[in-house]
Amino acid sequence: MLLRLACYCYVALSAILLAAAKPVVLDWDLMYTSAKPDGKNERRVIGVNGQWPPPVIYVDVGDTLTINANNKLDEPTSLHTHGFFQNGTNYYDGAVGATECGIPPNGSYTYRMNVTQSGTYWIHSHYKAQYVDGLRTPLISRPAAEHYKYDEEVVLMLEAWYNRNSHDINDQLLSTSEAIRLKSFLPTTLVNSRGGSNVNVTKLSFTPGKKYRLRLLNVSGTGMIRFGIENHMLDVIELDGVDSEIKTVPSIQLSAGQRASVLVTAKDNVDYNYAYHADIFTDMQAGVERAELPYTGVVEYAPNAPLIAPTVIGHNKINTTMTWDFFDDIDMVPIDKRPSPGVNKWLPLEVRTAIYDDRKEHMAFNNRTYSPPLVPSLITALTTGYQGWYPDVYGYKTYPVILDHLEDVEVAIFNMDTNSHPFHIHGHNFFIIVRGTVDKNPKNRKEAVGFPMRRDTITVPPLSYALVRFKADNPGIWMMHCHMQFHNEQGLALTFIEAPFQIINDTKLPDQMLKNCQALGIPTSGNAMGLKGLDLANDARGPYPLAGF
């Protein structure tokens, strides 16, 4: 009888979830427009249907999200749903060179995905550094029931914004001239695509006694952002779509690509308004002037209440409740507790920046600097038969790493740079196992206890390391790269070729994708160069780092 009742309950719950599921269909014309987000400098941006910023997307678990993307730009584009695993829909991951050719100018592509994850995500272009030109927006996925109760929700998209287009910045950073490469340029802070000196456009309104969920996203192409509110504590409850037990902090740092949800309980009176911080730290920009760029907005309780804000109390000292202490995610505890994978495959990665023999500054894993193949790796996996198990067919410079189906993988990331790097993996979450410093000082080593926290983007500070794991349970082509998007363009990326035989058996590419490749003049079969099998005689191995640089 109990078993029958349990079955009835399960069927009833499934029926409720199925009835609640809905199609969410968006028709997006991706097109240029102009904007003046800092209130002073107008520039060309990429918007949706003539509007910028693109609209925030809200979905519920169980929905089907469809985006009909029409490219009205003068270059290719794509859409990547950052943090979504894309189980069974690898060809909708949006990573140009890995899973698609890109949408050609005047072309279109329909991204269709089942919403199986709840949390804070975002959608952005994954063609070169194009999302830095404004093609990015939050994606909020709501579960059937939230773990924590709160009164209101606020989405805060934080961004280090440049009044230059992405191509200009990329050309500068890859210049062979040291004088050009090191010429200083600094960003400005945007909050929900607004910034500048007028704090009214970024004001947050609090009602006494209410509890707020702030969904924080760093959608920058560069820069770490610190967020906090003077005289308020933040209860962190989510990292990168993974709900967690509460960790209370005065402020939190988010690297490019990272997200977090925090609960903030409003004061019980309207005596004061309070400054909030969205400060940029440019530690993460190699070759660019290091600086802490403060930004303060206003949390308003009453229009005419005095403002509690940071004050200077001495030489280089500021009276504030904020801190730049590193936000340690390794001691977070997930609500959904899963045992860590073991180690069947160990992948050590040394991260370095150097001048290479092409006289450009590149970044690399193990001195192998990434550049995309002519033929996307997913097409190569599907058209080279048994040879798809050999890494060579994907091209040396894609840094292909073959993974067996259900293999437990540990990645050891040794950051030998003097800059931080946020590493993002497609198709998976990392289990955070160990953090430490490369000098092997045992005082700096910290291990996860019990069930490790998971997230899809992990920051590795300068001269530090992180051991992370994942299970290869999602056949497909998945990139791992620095989400400082210009670092990605400088070569800090690799490609996981996960379960190539399962890819062949389970994947059929959309016809629309193949037509887009043909429109761009890209072969729709063959190895990385569009040739047969292991015919890779002209597959360039360089550039190589110069000694002493």
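Tutor: A helix here is a DSSP run of H or I, at least four residues long, numbered from the N terminus. The model is predicted. Just after helix α7, Gly521 takes a positive phi of about 75 degrees.

Student: What makes α7 a helix?
Tutor: Helix α7 spans residues 511-519. A DSSP run of H or I needs at least four residues, so this stretch counts as a helix.

Student: What does Cys517 touch?
Tutor: Beyond residues up to four places away in sequence, Cys517 touches Cys101, Ile379, Ile522 and Thr524. Contact means heavy atoms within 4.5 Å. Cys517 and Pro376 are 141 residues apart in sequence, yet their C-alpha atoms are 9.3 Å apart.

Student: How do you know that the buried residues of α7 line one face?
Tutor: The buried residues are Met513, Asn516 and Cys517. Down the axis of α7, they fall within an arc of 100 degrees, so they line one face. The face turned away carries the exposed residues Asp511, Lys515, Gln518 and Ala519. The cover over the buried residues includes β6 (108-114) and α4 (377-383).

Student: What makes Lys22 and Asp63 a salt bridge?
Tutor: Their side chains meet at 2.6 Å, N to O. The cut-off is 4 Å, so the pair qualifies. Lys22 sits in the loop between α1 (2-20) and β1 (23-35), and Asp63 in the loop between β3 (57-60) and β4 (64-71), 41 residues apart. By this rule the count comes to 28 salt bridges.

Student: Buried or exposed: what is Asp63 called, and why?
Tutor: Asp63 has a relative accessible area of 1%. That is under 20%, so Asp63 is buried. Lys22 has 32%, between the 20% and 50% limits, so Lys22 is partly exposed.

Student: Which residues meet Arg213 in salt bridges?
Tutor: Glu146 meets Arg213 at 3.1 Å, N to O. Glu146 lies in the loop between β8 (136-142) and β9 (152-161) and Arg213 in strand β13 (residues 211-218), so the pair ties together parts 67 residues apart in sequence. Glu238 also meets Arg213 at 3.1 Å, N to O. Glu238 lies in strand β15 (residues 234-239), 25 residues from Arg213.

Student: How do you know that Arg213 is buried?
Tutor: Arg213 has 2% relative accessibility. Under 20% means buried, so Arg213 qualifies. Glu238, at 0%, is buried as well. Glu146 is partly exposed, at 31%.

Student: Which residues form a salt-bridge network?
Tutor: Asp240, Arg259, Asp329, Arg435, Arg455 and Asp456 are linked in one.

Student: What makes the chain as compact as a globular protein of its length?
Tutor: The chain has 7 helices and 36 strands. Its radius of gyration is 23 Å, close to the 24 Å of the globule rule for 549 residues, so the chain is as compact as a globular protein of that length. Buried residues make up 56% of the chain.

Methods: Residues numbered from 1 in each chain as written. Predicted model: local features only at pLDDT ≥ 70, side-chain atom pairs only at ≥ 80, totals over all residues. Heavy atoms only, no water. Helix = DSSP H or I, 4+ residues; strand = E, 2+ residues; numbered from the N terminus. Rg over C-alpha atoms; globule rule 2.2 N^0.38 Å. Buried < 20%, exposed > 50% of the residue type's maximum accessible area, 1.4 Å probe, protein only. Arc of directions from axis to C-beta.
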